[in-house]
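Please open the model in your viewer and keep the selection tool ready.

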Amino acid sequence: MTNLTQKSSKQFLGVGVRVVTLALSLIVFGTSAALAQTRAYVSNGSATTVSVIDTATNTVVATIPVGSSPQRLAVTPNGAFAYVPNSGNANVSVINTATNTVVATVPVGFFPQGVAITPNGAFAYVANVAVSTVSVINTATNTVTATIPGLQNPDFVAFTPNGAFAYVAGFSSSVRVIDTASNTVVATVTVGGSSTGLAITPNGASVYVPNQNSNNVSVISTATNTVVGTVTVGNGPSGVAITPNGAFAYVSNSVDNSVSVIATATNTVVATVPVGIAPRSLAIDPTGNFAYVPNQLDNTVSVISTATNSVVATVSVGAGPVAIAFAVSDPLQSLLGQIQALIDAGTLTENQGDVLLNKIAHAIGSLDNSQTNAACGQLDSFINQINAFINNGSLTQAQGQTLIDAANAIRASNGC
């Protein structure tokens, strides 16, 4: 857990002296990188929910109610919050990934379709298809601070790695370029028919744009904002994602029920992978080892191994999955969030909560000092305290067992 922001301290850790004390302890102690876990958040466009997949087991571990017709979501760089445009409600749900609950709802333009977070995590840019604007949300306050006009039916946004420019695709034959310093459109690039997604290479040099009506992908040079290549792919390309090393672009073909794999060095298709029905906006996991592909019409996510370009798992999710994004977090952070939620709800008193929070803080310190045995003992003490709270009626069996399971998972990952 790093760089606790003022917002996450208030929303995730609570308020008052207890927040400051715990936040300081986490800055001092840190958390073990070995405990980091990756969750995939899937927006189910026909179910008004977001499914949460544990990528270690490829199982759904939570289902979060959001607004009507959730679309292309995005996660903040620190993994703490997911922003989900609800096209049926003209708003954005903000999910705290530590507790998997909606902590804010932000009104935006009509029919919001896509969202991207600036590399520094400070702003979320939301594409509003029906009114041809982009709403700019300040993530510290979750309020709209700017509205950018002049965008033709925008539905997808991506930032250059330095955050200086946002590229916006829409149901049109052009891509608009926004200067994020002034929030004005500074260039328009003509591409193929109905560009419905885009991805920027990690070095910031190229933008890959699927053209749904042209069955190809336009490659834009960010240096000149001109198309420098066109790659023929499958039928109805609707999403694209690029591996962290920049070597490959994965393109979902919604009509062919396949994914085309483009080698970016040559801009040629080197593999075609069959997936589920109507694949949509796919994403590559942070390791680069897997591509996750939501299949809108069979309510699944196909997991492709990027080493073999074959499907290695299929995960059932909610109805009409259309997009996916990853959050990398620490299970200790998640456990702290669950405890804080019980305090905020009044289930645990502040004193009871402090007892549990302090035990986890000391376990963090032990782990960061390579004192595994001490950490295991502190986690055992935590579990014993949870059992005491169950026995005295402070927690229900279900509430306590959730915390015990989380602590046992941390114990197991450290060989306790």
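The model is predicted, so local features need pLDDT of at least 70 and side-chain atom pairs count only at pLDDT 80 or more, while totals for chains, interfaces and linings use all residues. Residues are numbered from 1 along each chain as its sequence is written, and side-chain values use heavy atoms, with hydrogens and water left out.

Begin with the largest pocket, whose volume is about 1,200 Å³. A pocket, on a 1 Å grid over the protein atoms alone, is an open set of points where a 1.4 Å probe fits, with protein on both sides within 12 Å along at least five of seven lines, and lining residues have an atom within 4 Å of a point. The volume is the space filled by probe spheres set on the points, which are joined across faces, edges and corners.

Select A74, V75, A283, I284 and A325, the closest to the centre among the 42 lining residues. Next, colour the strands β4 (74-75), β8 (112-117), β12 (154-159), β16 (199-200), β20 (237-242), β24 (283-284) and β28 (321-329), which each give two or more residues to this lining; strands are DSSP E runs of at least two residues, and helices are H or I runs of at least four, numbered from the N terminus. β28 gives the most, with five residues.

Now move to the second largest pocket, of about 690 Å³, and select Q37, R39, S334, Q338 and A406, which lie closest to its centre out of 30 lining residues. Its contributors of two or more residues are β1 (37-44), β3 (59-65), α3 (331-344) and α6 (397-413), and α6 gives the most, with eight.
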